[in-house]
Amino acid sequence: MSRLRVIVLGSAAGGGYPQWNCRGAVSALFWDGDTRVEERSQSSIAVSSDGENWALLNCSPDIRQQIISTPALQPKQPPRHTPLASILLTNGDIDHVAGLLTLRERQAFRLLATPGILEVLNDNRIFDALDRDLVPRQPVALGETIPLVGEVVAEIFPVPGKVPLYMEKGEPEIGAESETTVGVKISVPDGPKLFYIPGCAHVPAPLKARIAGADLLLFDGTLWQDDEMRRAGVGQKTGHRMGHISMSGSDGSIAAFRDVDLKRRAFIHINNTNPVLVRDSPERREAEAAGWDITYDGMEIAL
Ligand code: MLT
Ligand code: MN
């Protein structure tokens, strides 16, 4: 029997797939009904050791639809109930925190994040819609072992990133490691372990060493190519400028993790311009040939 269950609630990056206002080449396939692509909501996973009580990693603006699509997360007892025990945030980006506003309605759960990420919520009064008596904000330190739900424990560590887009003032520092962008190790005692890293600007050697031997890596799959958004004509920003390493190329994530021992590796937080979203595209085949899965909404992984 598996000891750790994972449900990919949302496999897309900020904006989802398709993005509401996007008719770039990849998004247009969806609007035109092409069966090689499927709808994807914004990045978040759920984890559990008993299948009854769950923790979320990040809380996307699509959480309501994700719960509707996921029987395990639906209320089980009248009059009000949730199988969600806790939510751990990996940064303060809109695609990872805006769903908290949907989870108002006086329901208790624990909200966990680094002090740096909690500061974003504390500075923004709209999040006071979540009553702190019911939804305590629990600061967690880098390296601390955090009980999440059931037997599941988490440990967070800094990864190269940047401040959230809406907090940028001038040119932000890209790739600095701080507690505003973290990766998460999820495990059960003497059991499997997975790493969830939905945003990461590059892959330094200590990060590779940290994740080596894991049962599963869920990693930043935002872009295939650094200048992909420019090429698609949807924006000027590079992946690097957004704090996301690309998948392809000699300095990409596929190459960076090639020699790292992992039982399973999969991309999550995939942008609506990324050609791996298209089944049978050359890029999708290249990623799969290198051993990577492309996650999809509703994907369940038992470890
Ligand atoms: C990102 O991952 O770079 C952000 O979610 C971008 C955004 O907030 O739109
Ligand atoms: Mn994002």
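Predicted model: local features only at pLDDT ≥ 70, side-chain atom pairs only at ≥ 80, totals over all residues.

**Entry 1: overall size**

I checked the protein chain against that rule. I then looked up the extent of the C-alpha trace, which spans about 50 × 40 × 40 Å along its principal axes. For secondary structure I got 9 helices and 14 strands.

**Entry 2: ligand 1**

Where does ligand 1 sit? I found it in the largest pocket. Next I listed its surroundings: Asp93, Asp95, Met242, His244 and His269. Sorted by class, that shell has 1 nonpolar, 2 polar and 2 charged residues.

Then I went after the polar contacts, taking a pair of N or O atoms within 3.5 Å as the cut-off. The side chain of His244 puts an N or O atom 2.8 Å from an oxygen atom of ligand 1. For the side chain of Asp95, the distance from such an atom to a ligand 1 oxygen is 3.0 Å. With His269 I read 3.1 Å, again between a side-chain N or O atom and an oxygen of ligand 1.

How much of ligand 1 does the protein bury? Taken alone, ligand 1 exposes 270 Å², and the protein buries 77% of that.

I looked for cis peptide bonds and wrote down two spots. One joins Tyr17 and Pro18, with omega at about -5 degrees. Pro18 belongs to the loop between strand S1 (5-10) and helix H1 (25-31).

The other runs from Pro78 to Pro79, where the bond is cis and omega is near -5 degrees. I placed Pro79 in the loop that lies between helix H2 (63-68) and strand S4 (84-88).

Last, I checked phi. Glu105 is not a glycine, yet its phi is positive, near 90 degrees. Glu105 turned up in a loop too, between helix H3 (94-97) and strand S5 (110-113).

Key
Residues numbered from 1 in each chain as written. Chains lettered and ligands numbered in written order. Heavy atoms only, no water. Near = heavy atom within 4 Å. Polar contact = N/O pair within 3.5 Å; in protein donor to acceptor, adjacent residues only side chain to side chain. Areas by Shrake-Rupley, 256 points an atom, 1.4 Å probe, with all protein chains shown as cover. 1 Å grid on protein atoms, 1.4 Å probe; cavity = no way out; pocket = protein on both sides within 12 Å on 5 of 7 lines; lining within 4 Å. Sits in = over half its atoms within 2 Å of the grid points. Nonpolar A, V, L, I, M, F, W, Y, C, P; charged D, E, K, R; others polar. Helix = DSSP H or I, 4+ residues; strand = E, 2+ residues; numbered from the N terminus.
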